[in-house]
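Please look at the sequence and the structure shown here before reading the report that follows. The report takes up a sheet and then a pair of domains.

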Amino acid sequence: MTVRLVECGRGDRVRIVRIDAGRGAALNLMNLGLDVGHVVELLQRSPLRGPLLVSHDGTEIAIGYHLAEKILVEKN
Amino acid sequence: MQLVLVGQPYSGKSTIFNHVVGYKSLSTNAPGSSVEHTHGSAELDGERIDVIDLPGIYSLQASDDAGDPAVEHILEAPDDTVLINVIDASVLARSLELTLQLTELRRPMVVALNMSDEVLRKGITIDAGRLAVRLGVPVVETVGRSGEGVFDLFRAALRAGRDRLVPEVLPGPAHVERLLARLTELLGDRPLPRGLAPRFVAIKLLERDECVGRRLEPHLSADDRAATAARLTEFEATTEQRAEYVMSAVRHNLAFELFESVARVGTPAGGDLGRRLDRVLMHPVSGFAILVAVLTGMFLLVFRVGSAVEPLFLGGFERLELWLAGMLPPESLGYAVVHGVVAGFGGGIGIVVPYLLPFFVALALLEDTGYLTRIAFLMDNLMHRIGLHGMSVVPILMGYGCSVPGVLATRILKSRRDRLITATLTTLIPCSARMTIIFGLIGFFISMQAAVFVYVANLVLIGLVGWVMSKVMPEESPGLIMELPRYRVPRLKALAQKTWFRLKEFVVIAWPILIAGSVVLEVFDHYRWSGPLNDFLAPYTSGLLGFPAAVGVTLLFGIMRKELALVLLFAAIGTADVASVMSTSQIFGYTFFVTFYVPCLATFAALAKELGWRTASSITGVTLAIVTVLTVGLRLVVPLLS
């Protein structure tokens, strides 16, 4: 089932299927290993459309809400 | 020979840099137009080496058209440069993606497998020798925090520079290599910008990199550009993906293949404590509760320490002043000058030791444990409402201690826009000196509630100014993406170095200004110029703002040191019983005005250092205008309330 990253809950492990962000944001995500096909775990969400915290390959990465809206993921 | 430390954020470059350059050299922080790099020099085996620590970068691929200053620095580096690629070995696969890009530069290079102790704990074994063979350059295992292997690393770098050890290039899949060959062929024997390897340029053409593209402009004709575009379009027709994404994926696969050939992943020795901590510390509810507790604790501690220690120093300087009065005739100009120097010197000590030192230590603790970035995460949402990011919270917090380190701390922000808005807001935060005025005047002569009201009103004002500024200068960045560092136990030496680095900035910038300001004040007093000055300022101070004309001089010298305004006010109106001379609305307006009208001279100098004289003057002008309007507003409103 494909959903937006912001629709996932704490503790979900998801696979990135598409990134609809612009070139700059997409490259920044890729640099941190957040690329199509990769699995990330959603560690924390913040209230009122605050940033999300995901973990990938041993690093923790904060992603702004509006960017996370553009990341499409597949729940396992 | 110039050694440049390049690596991803949190790879430990700066720790290695400090270990080598450390206290021994006069390393200066040279802020560039947008982001600083640190330059230092040291002696190694009798040879003098220049070392540059660049800000962390994830990639040489520019994610925006403006380009990254660290990347620019690498591209512009002179021919005798040796790159020291510092890698956080515990995230080797990802780090190698930058390494592979650096190999394309075809410059002498060494690799530091840093934090090798952490790697063992994670259960990973890395064959450094094999990595060295695959990359064709020396690979040295280091532990930056303890200094293990660091000097070996620099020796290897010197050798790499002397023997010109240039890394091997790992080829990508055939279709990409074919495109790169065609682009290189197209470049032919055209002269390229200094120091850039043809293959590197071909990759940058493929990636449509604006930063390198600008450099190439004079070297390529319109036909060349059309031919490049045609080849990219042709390539993308077969891959059905933008070429830069293809290149990124190629590099990712190469890095992963390289990682698998040199590393073996076993079972980690310990559990993941950091993630368990973050479940609590980053939680929407418990995270905020802990944040409030940590910050309140930090402020209370700093102010407790400060207010307990300050009288000790001030007492000492008062005795020194008395002694001076016995040595020099009190009416002489000489006495005025010497007294000014002593007062300014004492004022500096009175700020540095009691308030700044504990503040910097507390801040360095928050920073080195990794909690500061978590604060930024937690505050991100709130800061966005005033057009800023979570990281802006750091300078603003510091501003409650002293505006000077607050303004200097805006350096941690990437864009000039964010630094400008944050610095402006930071100057509006009531620092500890201004706190004494607020509580000494409003708190004492009106009520404590009124004093607290000033703080609340101040936060509203900051929110409004931030909101307006963010509307005038809209956000351009693509949204928050920030790696959080791992939690660490801070090292005493690193804390001491960090604290010293920041203290030095205060000592060098602010202190001389405090001293000079005090001297000017004394000389002014000596010649009794206050009367004419008050008359000159009267149309503004008493006409517009409604203060007694005698306070004019206090406003001018409050600029030197804010807390002086209080002492000078007593002298100017001839009594410490302010309420007998000024009305409630005057006291309120005066305090409000003095607190916020302009940054003190030392803060102005810090603003000028970070943002330039013109911007510092504009910020001062803007705050003066805002506060004038508000004070006039108060003058009209307060009598209606009381």
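**A strand pair in chain A**

Gln44(A) stands opposite Leu53(A) in β4(A). In this predicted model, local features need pLDDT of at least 70 and side-chain atom pairs count only at pLDDT 80 or more, whereas totals for chains, interfaces and linings use all residues. Residues are numbered from 1 along each chain as its sequence is written, while chains are lettered from A and ligands numbered from 1 in the order in which they are written.

Strand β3 (residues 39-44) of chain A pairs with strand β4 (residues 52-56) of chain A in the antiparallel sense over 3 bridges. Strands are DSSP runs (E, at least two residues), as helices are (H or I, at least four), numbered from the N terminus, and two strands pair if DSSP finds at least two bridges between them.

**The sheet**

An open sheet of 7 strands, with antiparallel pairing, runs in the order β1(A)-β6(A)-β2(A)-β3(A)-β4(A)-β5(A)-β10(B). Because β1 (2-4) of chain A and β10 (481-484) of chain B stand at the edges with a single partner strand each, one side of each has no neighbour in the sheet.

**Two domains of chain B**

Chain B is divided into domain 1 (2-162), domain 2 (174-240), domain 3 (286-508) and domain 4 (521-641), with bounds that come from an automatic or database domain assignment. The C-alpha centres of domain 3 of chain B and domain 4 of chain B lie 21 Å apart. Their contact (C-beta atoms, placed from the backbone, within 7 Å) takes 32 residues from domain 3 of chain B and 31 residues from domain 4 of chain B.

On the side of domain 3 of chain B that touches domain 4 of chain B, the largest share, 9 residues, comes from α19(B).

Key:
Contact = placed C-beta atoms within 7 Å.
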